[in-house]
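Here are my notes for a first look at this one. Keep the structure open beside you as you read.

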Amino acid sequence: MSALPGLVPEEPTVAYDPDTGTVTVHGEGLPAVVLRRTGGRADDHTPVGTRDAARLALTVDGGAAGLTLPKGRLSRRSYRVDVRCDGGAYRLIPDSLATSRLLRDGRRLGSLTCDGDGRVTADWREGAKVLPLDVSLGYALAAGFGTGAQPMWVTAIDIGTDLLSP
């Protein structure tokens, strides 16, 4: 994680349990964020087990936060995760094969990377005012949904190849 002078005294702790579909993020000076699957496992491609917002609960320091997820189909944009929390609008959206950018109210805060194993790395944008809530939410969303996605043209070629294969 890039240094955040005076804002975040330590790197967050991420506890990830794929069996129960739970991600917990906490640390000194950070609000606790919990992302939890509330229903049975729906897919093997999403670390938390589903992209169905009706089967997920997101809390920040014990209070509910709003979560919106498209299905995640062809475009990178379809893999975005939107959160409404403490009067702010957050978005985690893939921007390369491996990384996703975190935005608060449309402003880019940084890039996060997670291969779906619960280990998150962050590269905070120089000059961005990254708050403790930004860090906790970013880490929880990256761990819960993974980061990065293929460009649409690669996905389309893969689908075409699968259709033409015997």
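**Notes on the strands, the helix and a few charged side chains**

1. Let's begin with an arginine.

2. Before going on, a word on the source. This is a predicted model, in which local features need pLDDT of at least 70 and side-chain atom pairs count only at pLDDT 80 or more, while totals for chains, interfaces and linings use all residues. Residues are numbered from 1 along each chain as its sequence is written, and side-chain values use heavy atoms, with hydrogens and water left out.

3. Back to R37, which sits in strand β3 (residues 30-37); strands here are DSSP runs of E, at least two residues, and helices are runs of H or I, at least four, numbered from the N terminus. Is R37 buried or exposed? R37 is buried and has no salt bridge, with the nearest side chain of opposite charge, D19, 7.2 Å away. (Buried means under 20% relative accessible area, exposed over 50%, partly exposed in between, with a 1.4 Å probe and protein chains only; Lys and Arg count as positive, Asp and Glu as negative, and His and the chain ends are not counted; a salt bridge is a side-chain nitrogen of Lys or Arg within 4 Å of a carboxyl oxygen of Asp or Glu.) Leaving out residues up to four places away in sequence, R37 touches residues including P18, D19, V48 and R55, where contact means heavy atoms within 4.5 Å.

4. Now the strands around R37. β3 pairs antiparallel with strand β2 (residues 22-27) over five bridges; pairing takes at least two DSSP bridges between two strands. V25 stands opposite V33 here. The two strands make a hairpin with two residues between them, and G29 in the turn has a positive phi of about 80°. β3 also pairs antiparallel with strand β4 (residues 56-60), again over five bridges, with L58 as the bridge partner of L35.

5. Further along is an open antiparallel sheet of six strands, in the order β6-β7-β8-β9-β10-β11. β6 (66-68) and β11 (121-124) each have a single partner strand, so one side of each lacks a neighbour in the sheet. On average, neighbouring strands are turned by 20° against each other, direction ignored. Helix α1 (residues 132-145) packs on this sheet, touching β6, β7, β8, β9, β10 and β11, and its direction makes about 145° with that of β7. (Axes are lines fitted to C-alpha atoms, for helices over the stretch in contact; angles run from 0 to 180 degrees between N-to-C directions.)

6. Within that sheet, six bridges join β9 (residues 99-104) to β10 (residues 107-113). T99 stands opposite T113 there.

7. How many salt bridges does a search of the whole structure find? Five. R104 and D134 form one of them, with N and O 2.8 Å apart. This pair links strand β9 to helix α1, 30 residues apart, and both residues are buried.

8. Salt bridges with shared partners also join R80, D82 and R91 into one network. D82 meets R80 at 3.5 Å and R91 at 2.6 Å. D82 counts as buried because its relative accessibility is 15%, whereas R91, at 23%, counts as partly exposed.
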